[in-house]
Amino acid sequence: MKNNLDIKRSLLIFNKIISKGECDNGRCILEGMTAWYDFDGYTCYLGFNEVTLTLLFHGKYHIDSPSKDSLAAFEKKLSQFN
């Protein structure tokens with residue numbers, strides 16, 4: 001699946017959600033987007049609706065999306081995130 005994902009921007013969004021969002025049970029929410037991380041902090045996650053972006057070590061990532069439309073909505077949300 002091809003996309004124009006900016007890893008650096010995604011990590012900045014993750015950090016903003018973790019630091020400024022409302023957090024409960026290890027998940028933080030800000031502007032409709034959810035951020036969380038695994039027990040060691042090396043794997044970070046961003047979620048919006050049905051899509052999950054997994055940010056892995058060394059700048060790698062994986063996107064789980066049920067459809068192209070869901071992925072497009074996720075990418076739009078990332079691009080509009082303040």
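This is a predicted model: local features need pLDDT of at least 70, side-chain atom pairs count only at pLDDT 80 or more; totals for chains, interfaces and linings use all residues.
Figure 1. With a relative accessible area of 37%, E31 is partly exposed. As background to both views, most residues other than glycine have a negative phi.

Figure 2. The buried residues of α1 include I7, S10, I13, F14 and I17. These residues cover an arc of only 120° around the axis, which puts them on the same side of α1. An α-helix has 3.6 residues a turn, so residues three or four places apart point the same way. On the other side of α1, K8, L12, S19 and K20 are exposed. The buried residues of the helix are covered by elements that include β2, β3, β4, β5, β6 and α2 (68-80). At the start of α1, a side-chain oxygen of D6 comes to within 3.2 Å of the backbone nitrogen of K8.

**Figure 3. Close-up of strand β4 (residues 44-48) and its pairing with β3 and β5.** Four of the five residues of β4 are buried, so this strand is largely enclosed by the rest of the structure. Strand β3 (residues 33-37) pairs with β4 in the antiparallel sense over four bridges, and A35 stands opposite L46 in β4. Five bridges join β4 to β5, and these strands also run antiparallel; here the bridge partner of L46 is L53 in β5. The hairpin of β3 and β4 has six residues between the strands, and in it G41 takes a positive phi near 80°. In the hairpin of β4 and β5, where two residues lie between the strands, a positive phi near 55° is found at N49.

**Figure 4. Close-up of the hairpin of β5 and β6.** Strand β5 (residues 51-55) and strand β6 (residues 61-64) run antiparallel and are joined by four bridges. Within this pairing, T52 stands opposite D64 in β6. Five residues lie between the strands of the hairpin, in which H58 takes a positive phi near 65°.

**Figure 5. Close-up of the largest nonpolar core, which has 20 residues.** The residues that touch the most other members of this core are I13, I17, M33, L46, L53, F74 and L78. Two or more residues are given to the core by each of α1, β2, β3, β4, β5 and α2, and the largest share, four residues, comes from α1. Leaving aside residues up to four places away in sequence, I13 touches M33, L46, L78 and F81. As a general background, nonpolar side chains tend to be buried together in soluble globular proteins.

Methods
Residues are numbered from 1 along each chain as its sequence is written. Side-chain values use heavy atoms; hydrogens and water are left out. Two strands pair if DSSP finds at least two bridges between them. Buried means under 20% relative accessible area, exposed over 50%, partly exposed in between (1.4 Å probe, protein chains only). The arc is that of the directions from the helix axis to the C-beta atoms. Contact means heavy atoms within 4.5 Å. A polar contact is a pair of N or O atoms within 3.5 Å; within protein, one must be able to donate a hydrogen and the other to accept it, and residues adjacent in sequence count only if both atoms are side-chain atoms. A nonpolar core is a set of buried Ala, Val, Leu, Ile, Met, Phe, Trp, Tyr and Cys residues joined through side-chain atoms within 4.5 Å.
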